Amino acid sequence: MRRPMRPVAPVQKDGPRVNKEIRVLEVQLINADGQNLGPTKINDALQAAEDAGLDLVEIAPNSVPPVCKLLDYGKYKYQNQKKAAEARKNQKIVEVKEIKMRPNIDDHDYDVKMKAMRRFFDEGDKVKVTLRFRGREMAHQDLGLRLLMKVREEVTEIAKEESSPSLEGRQMTMVLAPR
């Protein structure tokens, strides 16, 4: 005894419908030169595409009637990929860099950390300043808070405070973003 076959869901295609995939009676046709030829029967539009050696591509499927254009579909896809790649290339991914300190940090160590922080801001990255307390340092959280306030005051002209200092367990953190 054979098992009945389950119906297969139609495959969703990414991109516009092309040629025989367009299932309407009438389309708004635009030729290869960009001239609007007005509402046209789908068979006439397909014939015009075949005569021109091009594809009938659905540009605006939600309009009534759908807008279709005569063009080379392979070239169209390639141009869209190039546009998408260009858009991705121009995006700036903002990273969150972390600077770790201790409440009793030495002056020179502090200066080195601040120099690194300024470099991160120049590159357009956010900075998370983490202050770790060990042992009895937990009793002097005010020293840590004062240190974070000093950091904020020093970078106030090039950065803004995104989240104020907060204590999470044995760590006090603050996030700064470039202006």
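Residues are numbered from 1 along each chain as its sequence is written. In this predicted model, local features need pLDDT of at least 70, side-chain atom pairs count only at pLDDT 80 or more, and totals for chains, interfaces and linings use all residues, while side-chain values use heavy atoms, with hydrogens and water left out. Helices (H or I, at least four residues) and strands (E, at least two) are DSSP runs, numbered from the N terminus.

**Helix H4**
- H4 spans residues 141-154, and its 14 residues reach 20 Å from first to last C-alpha, close to the 20 Å expected at 1.5 Å a residue (1.5 Å times one less than the number of residues).
- Gly144, Leu147, Leu148 and Val151 of H4 are buried (under 20% relative accessible area, with exposed over 50% and partly exposed in between; 1.4 Å probe, protein chains only).
- These buried residues fall within an arc of 95 degrees seen down the axis of H4, so they line one face of the helix (the arc is that of the directions from the helix axis to the C-beta atoms).
- Arg146 and Glu153, on the other side of H4, are exposed.
- The buried residues of H4 pack against strands E5 (96-101), E6 (126-132), E7 (159-168) and E8 (171-178), and against helix H3 (107-122) (contact means heavy atoms within 4.5 Å).

**Helix H1**
- In H1 (residues 42-52), the residues Ile42, Ala45, Leu46 and Ala49 are buried.
- Their arc around the axis is only 100 degrees, which puts them on the same side of H1.
- Asn43 and Asp51 are exposed on the other side of H1.
- The cover over the buried residues of H1 includes strands E1 (26-30), E2 (36-41), E3 (55-60) and E4 (67-71).
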